[in-house]
Amino acid sequence: MITKPLVSRRGMLSLFGGTVLAAGALGGGRAWAAVAVARAGDQALTIEFDTALNSRLICGLGGKAVALTDFGPSETVTLKGGRAVDRFNFAEHLKAPVKDAHGAGVRHTVRGVSPEGLEKTVTLTFHERYPGFPLVTVAWRNTGRAPLDIESWRLGAHSLKSSGAGFWSWSGSTHEDRRDWVQPVKDGFEQDNFMGMNASDYGSGTPIADVWRPDFGLAVGHVETTPKLISLPIIASPAGVTVALVEARATTLKPGESLVSLDSFIAVHQRDYYATLDAYRRVMADHGLAAPKPPEGAYEPIWCAWGYDRDFTVAEVEGTYGKVRELGFKWAVLDDGWQTNEGDWALDPRKFRSEAEMVAFVKAIRAAGLKPKLWLAPLAVDPGSDLLHDHTDMLLLDANGAVQNVTWWNAFYLCPAYQPTRDYTQKLVRKIIGEWGYEGLKLDGQHMNGVAPCHNPAHEHVRPEESVERLQDFWKMVYDTAREANPEAVVEFCPCGTSYAFHNLPYTNQVPASDPLSSWQVRLKGKSLKALMGRDAAYAGDHVELSDGGADFASSVGIGAVISTKFTWPNEGRGKDANFRLTPEREALWRKWADLYSAKMLPKGRYLGELYDIGFDKPEAHAIEKDGRLYYAFYAPRWDGPIELRGLGEGEYRLTDYFHGKDLGRVSAKNPRLPAMFEKFLLIEAVPLKGARA
């Protein structure tokens, strides 16, 4: 079992061993054989093995074979005491056709035996539907006479060689500092990417690590249908950037016994990480894990009362509805502060003296021509609440019997795998949607993304990790309950500042930028979630007041994100750095963006994330296809130079800067570049002329 990040930088380098060959990071005394004795692959990727079962990756995506890595020990185990078993004498290579949930393909089995008597069998399955994305499983069997004490195993350890042009990375892990998911990889870069809790209430994520250079990239991850407590370290060295999947699973292999890895993958791609995440989404859909199709309401513009903070009054919230409707926003979200505490979820009598008053409040939202949505933070319980006093049995406890903190509300975790927790939450959701009449839920809090292993004896878990692996079942229950009460309910999932846990995404139909720290985060999160949930995912840019300058609607509209705001009117709001009042200048700007958003409705289009590289392409660019037209968004602090419109079909297109209403001329796939000068953003609509085909 692993409950914290795996190792320090020194420890990770030790785990990687010979993969950092050219850097000489571990000394120069080892020389690996470099003659291929087995090959497995397709047109996009070939994996070669040498006589020691070291492997290297050769990419064919560019039309010719390019060795992305050198030979290195990619699948190894580490014995108790830290000694790595990384050399396996080649024994055989078998090949057979296969047809399974992922379609037709070819399965390769490569086997070898170490001097210690540990037999390694690598199974690689290349499917026709997923070129360059083989599924990988490794088994290590003790063929000796003595037990072997194993501390950890690793898979897919490869070092992408430097091309001299730098690297970028995408990491699916969650961190308390809410760092960017997309980062440049500079000298000394290291990130463990542990998929468990990296702070008391920040954890889990999407189990993928991806690194790329301008021409090609590689990634590794697992395709298990439940979260696993593994690490996906990324380490930069003078030789390149190394990735791997590592699990610290202490076990003793008796003679004849085997240790089997997680079901995993290795991938190669061109441009940025989008292709990896898109293929991963489709592979997981084959296993039944796929985001639901968003209802129409999930695309409608959002106004949230959070500008008034927790100390809102009903009168000031209701007094804003007219302006909300006038500007074209459709949702009215009541945020944190309606309740006495997290846990009991009783109505705050200073705002709602009875449930009848809450029902009347919901009816008033509808009477104003808006849709009501209510904020909720499940799995959190406050000290002093009746629920905690009466039901300590619901708490998630660590191995020492201590509670797990939820820092934002000074609360504690409830265990999602404990049936009374599920029953209590289900009853609450039925009340909010079925009795009070809300049409949506805003599920909120960084603690929702992942939980720690639970050791509460009252829960009688078979394994402590049940809490981790069954969190997704808890969110399925919440989603299904809301949709049973109202089949069109919008269930927004906002795990503040975390890297979304993929295994939770099938149980939400709207996701926001989740407290972005910048407009850059709005855009990179949008690209990521369109890949993980589908090209027309109902991704929202979150409150525009969180973007650069507090008014960057362009970063939402341009990438096909739902627009959202928390403006206050006619008075100023509350909270940290409150500056939310809808001034006449803001009103004009908000109205213009809301009109453009509703006219174009780009979230319903097909986000074309494969066309541009968010790291290396300058200016940053995004593209969407909708109703036969192409929409481009370019971003830079200041730009004066050429831009390229990729993805054009045959014939000519008429171009319009649709924010400024300016004609930009014509362009074609044969000549897709044009000069451009802009500050912050340029939004282009490309309309095919007669005879053109998108």
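**Figure 1. Cysteines of the predicted model.** The count of disulfides in this predicted model comes to zero. Cys 304 takes part in no disulfide, and the nearest cysteine sulfur, which belongs to Cys 494, is 9.6 Å away. Cys 304 is buried, with a relative accessible area of 2%. Cys 494 is likewise in no disulfide; for Cys 494 the nearest cysteine sulfur is that of Cys 496, at 4.3 Å. A disulfide requires two cysteine sulfur atoms within 2.5 Å. Cys 494 is buried, its relative accessible area being 2%.

**Figure 2. Confidence of the prediction.** The average pLDDT of the protein is 94, and 95% of the residues score at least 70. Over residues 15–33, by contrast, pLDDT stays under 50. For this stretch, residues 15–33, the model has 45 contacts beyond four places in sequence.

**Figure 3. Surroundings of Gly 203.** Gly 203 belongs to strand β16, which covers residues 202–203. With a relative accessibility of 0%, Gly 203 counts as buried. When neighbours within four places in sequence are left aside, the residues in contact with Gly 203 are Thr 174, Gly 196, Met 197, Asn 198, Asn 449 and Gly 450. Ile 563 stands 360 residues from Gly 203 along the chain, and the C-alpha atoms of the two residues are separated by 27 Å.

**Figure 4. Nonpolar cores.** The largest nonpolar core has 138 residues. Within this core, Trp 303, Trp 338, Met 358, Tyr 438 and Trp 475 touch the most other members. Trp 475 is shown with its contacts beyond four places in sequence: Pro 378, Leu 379, Leu 443, Met 448, Phe 493, Asn 504 and Tyr 507.

**Figure 5. Packing of helices α2 and α10.** Helix α2 spans residues 274–286, and helix α10 spans residues 519–533. The two helices pack with their axes 7 Å apart, at an angle of about 30°. Helix α2 is therefore roughly parallel to α10, as angles under 35 degrees count as roughly parallel. On the α2 side, the residues that meet α10 are Tyr 274, Leu 277, Asp 278, Tyr 280 and Arg 281. Their partners in α10 are Lys 527, Ser 528, Lys 530, Ala 531, Leu 532 and Met 533.

Definitions and conventions: Residues are numbered from 1 along each chain as its sequence is written. This is a predicted model: local features need pLDDT of at least 70, side-chain atom pairs count only at pLDDT 80 or more; totals for chains, interfaces and linings use all residues. Side-chain values use heavy atoms; hydrogens and water are left out. Buried means under 20% relative accessible area, exposed over 50%, partly exposed in between (1.4 Å probe, protein chains only). pLDDT is the predictor's confidence in each residue, from 0 to 100. Contact means heavy atoms within 4.5 Å. Helices (H or I, at least four residues) and strands (E, at least two) are DSSP runs, numbered from the N terminus. A nonpolar core is a set of buried Ala, Val, Leu, Ile, Met, Phe, Trp, Tyr and Cys residues joined through side-chain atoms within 4.5 Å. Axes are lines fitted to C-alpha atoms, for helices over the stretch in contact, and angles run from 0 to 180 degrees between N-to-C directions. Angles under 35 degrees count as roughly parallel, over 145 as roughly antiparallel, 65 to 115 as roughly perpendicular and the rest as oblique.
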